[in-house]
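Welcome, and please open the model in your viewer.

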Amino acid sequence: MTKISPSEITPEHVFLNRRAFMAAAGMAAGSLALAACAPPLGMGSDAPAEVAEPALVAAVDPDSLPEALAHADPYAGADSDELGDPLNKFQEITHYNNYYEFSTNKESVAGEAQAFKPYPWQVEVTGLVNNPLTLDLDDLYKRYPQEERIYRLRCVEAWSMVIPWVGFPISALLQDAGPTSAAQYVSFVTVFRPEEMRGQRSSILEWPYQEGLRLDEAMHPLAILATGMYGKPLTNQQGAPIRLVVPWKYGFKSGKSIVRIEVTDTIPATTWNTAAPHEYGFYANVNPNVDHPRWSQASERRIGETGRRPTLMFNGYAEEVAYLYEGMDLAKSF
Ligand code: MTE
């Protein structure tokens, strides 16, 4: 089996170049629903349009980012030559997006999302926790060192990218909140602003978009809350200012623009599972052996490449995460 190179995961490699980030921060001063996550027509030839890198759409408090990053480990010397696969380009990552709140057309999301206002922002951590938290972005940057994590993103639609995120482990936030002994799951609820998000004025999905993980999945060191990409704050179309990234699961698990994290003792409702339970399971682990009812998951199209490449079990992160699912029938718990 093709194995992911360990350096492609690099959770311990904090190779965010602090000066580069500071510069960036300164610059930044079934139905219809059933078809929603389906490959669009003509998917084989839909390479993202070559467009200029957009100006960052919203300013981050320039004082807060550098201070937060002062906690980060120094540049670890890794570079893209180490990676098994090249990074996707900034414009590919930011102009081929699934974000149904703005548009069902991947290439229109960037434009539709321009007017969204991600600052100021608060994230609430609530539910079965001993220490409920409400943190704004400055708090998040100050409390949690921002690291760079290069991950593959594999969409359930069978396309993929390699993305250099900036973020921090969800476990750090959950540990501060202190899940009670009854805690078993974590629900991630995203923003509901129909006045700014045209898609939310229609009923293509139930809003707000929600996702969920088992508590042990959420505590896994590879699961992060991303605040940036390519050393810059997230663009609106990527889920600014904060989104989930769970690299061994299909991309729809990575909810964008998170406002509430709720620890529960029952399995949380999740948007795509609610929309089409036979097509999108709660687990949604990348698995080349379990096809989507309407297409094969055995291979994928890497954006920017021609042809297809085999899909790897758990998206290439099996060594790190397979133990979470020992004894489970992954065809049933899809
Ligand atoms: N989060 C919200 N709030 N709304 C969405 O429509 N789409 C999901 C996920 N997160 C989605 C979302 C899907 S289907 C995928 S594949 C990834 O975001 C895509 O992330 P990207 O556009 O940054 O590549």
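Which polar side-chain atom lies 2.6 Å from an oxygen atom of the ligand? Select Arg 243: a polar atom of its side chain is at that distance, 2.6 Å, from a ligand oxygen. It is a polar contact, meaning a pair of N or O atoms within 3.5 Å.

Before moving on, note that this is a predicted model, where local features need pLDDT of at least 70 and side-chain atom pairs pLDDT 80 or more, while totals for chains, interfaces and linings use all residues. Residues are numbered from 1 along each chain as its sequence is written, and side-chain values use heavy atoms, without hydrogens or water.

Next, pick Glu 101, where an N or O atom of the side chain is 2.8 Å from a nitrogen atom of the ligand. Then show the backbone of Ser 254: one of its N or O atoms lies 2.9 Å from a ligand nitrogen. The protein covers 100% of the 540 Å² of accessible area that the ligand has on its own (Shrake-Rupley method, 1.4 Å probe).

Notes: Polar contact = N/O pair within 3.5 Å; in protein donor to acceptor, adjacent residues only side chain to side chain.
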